[in-house]
Amino acid sequence: MKNHGFGKLVTFLNQLEQEKISYTLAHHRDKTIMVNVSVAGERWEVEFFEDG
């Protein structure tokens with residue numbers, strides 16, 4: 001089975017960087033990476049799972 005989780009994460013991070021939106025990465029659960037994003041008046045937590 002193909003694993004697309006990493007590709008989706010990298011694409012998302014590239015989009016944030018193109019828009020000059022800062023972010024941090026965190027790892028709280030097995031097989032996931034969380035992207036914490038803060039924009040004016042909002043806070044996003046986006047999790048990417050190993051299996052896509």
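Reply: Gladly! Let's start with a word we will need: a residue is called buried if its relative accessible area is under 20%, and exposed if over 50%. Keep in mind that this is a predicted model. As a case, both Phe-12 and Phe-48 are buried.

Me: How do I describe a pair of aromatic rings, and how many aromatic pairs does the structure hold?

Reply: In general, you give the distance of the centres and the angle of the planes. This structure holds one aromatic pair. Phe-12 and Phe-48 form it, with 5.5 Å centre to centre and 45 degrees between the planes, so the pair counts as tilted.

Me: Which parts does that pair tie together?

Reply: Phe-12 belongs to helix 1 and Phe-48 to strand 3 (residues 42-49), so the pair links parts that are 36 residues apart in sequence.

Me: Which residues make up the largest nonpolar core?

Reply: The idea is to look for buried nonpolar residues joined through side-chain atoms within 4.5 Å. Here the largest such core has seven residues: Leu-9, Phe-12, Leu-13, Leu-16, Val-35, Val-37 and Phe-48. Helix 1 (5-18) and strand 2 are the elements that give two or more residues to this core, and helix 1 gives the most, with four. Take Leu-9: beyond its neighbours up to four places away in sequence, Leu-9 touches Ile-33, Val-35 and Phe-48.

Me: Now the sheet. In what order do the strands come?

Reply: A general point to begin with: in a regular strand, side chains alternate between the two faces of the sheet. In this model the sheet is open and has three strands in the order 1-2-3, with antiparallel pairing. Strand 1 and strand 3 are the edge strands, each pairing on one side only. On average, neighbouring strands are turned by 20 degrees against each other, direction ignored. Helix 1 lies across strand 1, strand 2 and strand 3, at about 155 degrees to strand 3.

Me: How many bridges join strand 1 to strand 2?

Reply: Four bridges join strand 1 (residues 23-26) to strand 2 (residues 32-39). Ala-26, for instance, has Met-34 in strand 2 as its bridge partner. Five residues lie between the strands of this hairpin, where Lys-31 takes a positive phi near 65 degrees.

Me: Is Thr-32 buried or exposed?

Reply: Thr-32, in strand 2, has a relative accessible area of 4%, so Thr-32 is buried. A polar atom of the Thr-32 side chain lies 3.0 Å from the backbone oxygen of Arg-29. Leaving aside neighbours within four places in sequence, Thr-32 is in contact with His-27, Glu-47, Phe-48 and Phe-49.

How values were computed
Residues numbered from 1 in each chain as written. Predicted model: local features only at pLDDT ≥ 70, side-chain atom pairs only at ≥ 80, totals over all residues. Heavy atoms only, no water. Pairing = 2+ DSSP bridges. Buried < 20%, exposed > 50% of the residue type's maximum accessible area, 1.4 Å probe, protein only. Contact = heavy atoms within 4.5 Å. Polar contact = N/O pair within 3.5 Å; in protein donor to acceptor, adjacent residues only side chain to side chain. Phe/Tyr/Trp six-rings, centres within 6.5 Å; stacked < 30°, edge-to-face > 60°. Axes fitted to C-alpha atoms, helices over the stretch in contact; angles between N-to-C directions.
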